[in-house]
Amino acid sequence: MKRQTNIALFLIALLLAPCCIGSLSAQQSDNYRNRLRNANVKVEETNLPIVFINVGGKTILRNDYILAKMKIIHNGDGLKNHADTVAFPGQHIDYEGWIALKYRGNSSFDQSDKKPYAFRTLESNVLPDYGGEKKKVKILGMPKDNKWALIAPWCDETMFRDVLSFELARPWFDWVPRVQMCEVILDGTYYGVYVLSELVSKGKHRLNLSEPGEVEGDLTGDYHVSVDHGYDPHFASRFRPWLSLDGSKIANDRQVVYEYADPDDDEFAALPAGTRLALHNEVNKMEASFMADDWDNLDGGYREMIDVQSFIDYMLATEVSMNIDGYRLSTHLYKHGEKRSEAEGLDPRWKTTLWDFNLAWGNANYYDGHKTDRWQYEMNLHNPWDDSQVPFYWYRMLQDENYVEALKQRWQQYRQGNHSNERLMQTVDSLATLLKSGGATERNEMAWGIYTRVSIWPLYYYANNYDDAVNYMKGWIGKRLQFLDRHLLPPREVETEPIDIVSGWNADIVAESLPASNYTTVAVDGSQRTFYAEKLRGSGGLPADRLITSDNEQAAYRLSPYDGLNALTLRQINQSGTLKFDFPVETTELFILATSGNGDSNVRVQLHYADGTTTDMGNYTIRDWSVRTDALQGNEAVTALGNVSRNNNAYSSDNHYCLFDFSIPVDNKPLQAISFTSASYAYASIMAVSAMKPSSTDVQEIVAHSSPLSHPTIIYNMNGMRIHEMQRGINIIRMPDGTSRKVMKR
């Protein structure tokens with residue numbers, strides 16, 4: 001049973017003890033060492049870089065930099081690093097020198113025991129405020145700069161949500177932050193896994209922004225702002241946020257605000273007069289272009305002000321991860337000045353980049369952050385009271401048919417590239433393996449006890465261990481990809497094959513004869529009504545051949561024989577059941593035929609693979625079976641069914657009962673079974689399972705009839721049966737590295 005946060009009790013506790021709120025962010029002289037569950041964790045060896053920070057016992061501040069020393073040991077990818085530099089001399093020191101150090105972050109600081117840092121590399125042991133010079137250096141293979149961050153994964157139980165977001169986005173954006181996962185030791189105390197990251201800043205190897213006025217006094221300048229909370233100093237948008245997609249409803253009591261990034265507020269005094277106003281004017285011109293008469297003109301309008309492709313990529317990165325901060329917080333916009341662009345061949349339009357995805361990928365318990373079937377851009381519609389709203393222009397672009405079409409085409413490119421199910425899951429697995437293989441996840445857990453805590457803001461899913469956290473994320477991603485595909489890709493052709501179940505049915509809910517109580521074991525609902533077979537009564541009966549094709553998913557199902565157990569029923573909360581397949585199934589998608597009595601059911605689904613792994617796919621809703629004609633939603637699998645009473649054999653007066661189906665994404669490996677656990681008090685009845693047929697068009701290799709296959713580990717035929725050697729036709733090959741491919745043998 002998963003740990004659950006009692007939000008109501010937590011909020012009540014905060015109200016009753018307001019002093020606790022201040023203590024969350026109060027400065028602590030021991031640098032939060034007392035927040036550690038175990039302050040004596042040691043790093044003997046690790047595959048991650050080790051970052052040593054020495055502040056000599058000084059208190060690290062949140063708003064001002066202090067002087068510190070940093071040393072980073074990194075012997076190279078795949079090699080071990082040792083914290084004991086005396087016992088292991090001669091290790092490669094990636095960086096050693098003075099830094100200016102402070103805490104950073106808003107909620108990531110206030111709500112986390114593990115605190116994030118910002119640091120600047122220095123020429124000497126003198127801080128810039130006292131005349132010292134910053135020094136641009138390479139760190140862990142990342143290009144030279146002097147502004148860096150140490151992101152502190154806390155509420156992210158996988159510890160790589162930011163890293164995953166940046167890595168997936170890298171091929172599509174002009175620039176996103178480069179990162180390296182590492183382990184941090186501060187004044188001899190182990191503080192766990194961190195992410196050493198480039199900051200979104202103007203450096204040559206980052207956003208490549210010049211100082212405004214550098215090119216012939218160009219006050220259109222190179223500028224960088226972020227849509228954010230509006231901490232001072234900031235400036236407000238001239239346009240109010242929309243509370244409807246068409247702009248017919250406007251939040252007149254809310255503002256979108258921009259925070260200064262490059263130049264920041266302290267730099268304006270040293271820049272040419274009017275630079276601040278020039279920056280405001282550039283933002284104003286961009287926003288006004290969306291309200292012009294020719295706003296959607298392909299040769300002008302807003303396209304003259306923004307790089308549309310960059311904004312599309314931001315939208316897709318935000319939506320695929322369901323980042324609840326997306327669009328409205330930590331949203332970075334930057335541009336190059338017109339004169340510089342003309343001289344150097346740059347694009348002077350506004351572009352986007354990424355930052356802050358720790359609450360993404362199903363990780364938040366508010367604003368529907370855990371859901372896979374909701375658009376984040378609709379934030380204003382669902383949460384109009386929040387102070388941080390989505391800027392109106394994201395809604396305006398969705399009114400442009402050409403923008404929407406370009407968005408769909410870009411998603412097709414994503415899905416053919418590193419956002420394909422297989423490649424995305426491989427990325428997740430590789431990041432998890434990197435953290436696990438050298439023991440970093442174990443040490444971080446020893447230090448912080450994440451998986452034993454019952455209240456971590458704002459977790460939706462509390463994992464039992466690291467593998468559980470990763471599996472939850474993978475299940476969430478599969479469902480999210482499925483949602484985006486159905487809205488952004490062309491309609492698909494569904495070709496399925498029913499799956500035979502060898503064990504797991506626990507009830508007979510179809511009467512093939514009377515009395516119904518003798519030919520069924522349980523009812524579908526609390527009033528003792530159940531289905532009946534067509535041979536018993538033609539009108540409203542289930543088909544004699546037991547074959548059903550869904551009107552919703554277009555999946556083909558085969559019901560189990562009516563004279564035996566033919567359903568998995570869950571009639572109590574937390575009751576579970578597992579359906580085992582007659583052979584491992586290789587598919588990309590499962591389809592489940594089910595119904596519910598006594599209201600809608602909520603069931604948690606787990607997939608069990610032939611290699612012994614399990615993926616938690618989260619919760620699915622099964623609607624109540626009673627749906628009259630005027631209440632049909634159009635997504636029912638089967639309608640116009642009847643029922644018969646197990647008490648007195650009376651048939652329903654009219655046939656308005658339904659079956660429903662839903663699909664579940666599957667990893668690219670043989671699947672052996674599926675489990676369901678009731679998360680509600682309604683009666684859930686699972687009645688059939690079907691699988692998407694593998695496509696014969698995605699064969700990766702063709703070999704001659706007599707050609708041997710080099711070093712396969714497991715071979716399956718297209719029906720999922722394990723075989724000893726390749727057969728003629730298509731074979732599914734599992735390789736030693738865990739990857740799979742389809743091979744056709746002539």
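A salt bridge here is a side-chain nitrogen of Lys or Arg within 4 Å of a carboxyl oxygen of Asp or Glu. This is a predicted model, where local features need pLDDT of at least 70, side-chain atom pairs count only at pLDDT 80 or more, and totals for chains, interfaces and linings use all residues. Residues are numbered from 1 along each chain as its sequence is written, and side-chain values use heavy atoms, leaving out hydrogens and water.

Start by selecting E183 and R443: their side chains meet in a salt bridge at 2.9 Å, N to O. E183 sits in strand 8 and R443 in helix 12 (residues 440-448), so the pair ties together parts 260 residues apart in sequence. (Helices are DSSP runs of H or I, at least four residues; strands are E, at least two; both are numbered from the N terminus.) E183 is buried at 0% relative accessible area, and R443 is buried too, at 9%. Buried means under 20%, exposed over 50%, partly exposed in between, with a 1.4 Å probe and protein chains only.

Next, pick K436 and D467, another salt bridge, with the closest N and O atoms 2.7 Å apart. This one links helix 11 to helix 13, 31 residues apart. K436 is partly exposed at 37%, as is D467 at 39%.

Now select helix 4, residues 161-169: eight of its nine residues are buried, so the rest of the structure largely encloses it. Those buried residues, F166 and L168 among them, pack against strands 7, 8 and 9 and helices 11 and 13 (contact is heavy atoms within 4.5 Å).

Last stop: D299, in the loop between helix 5 (275-289) and helix 6 (308-321). D299 is exposed, at 72%.
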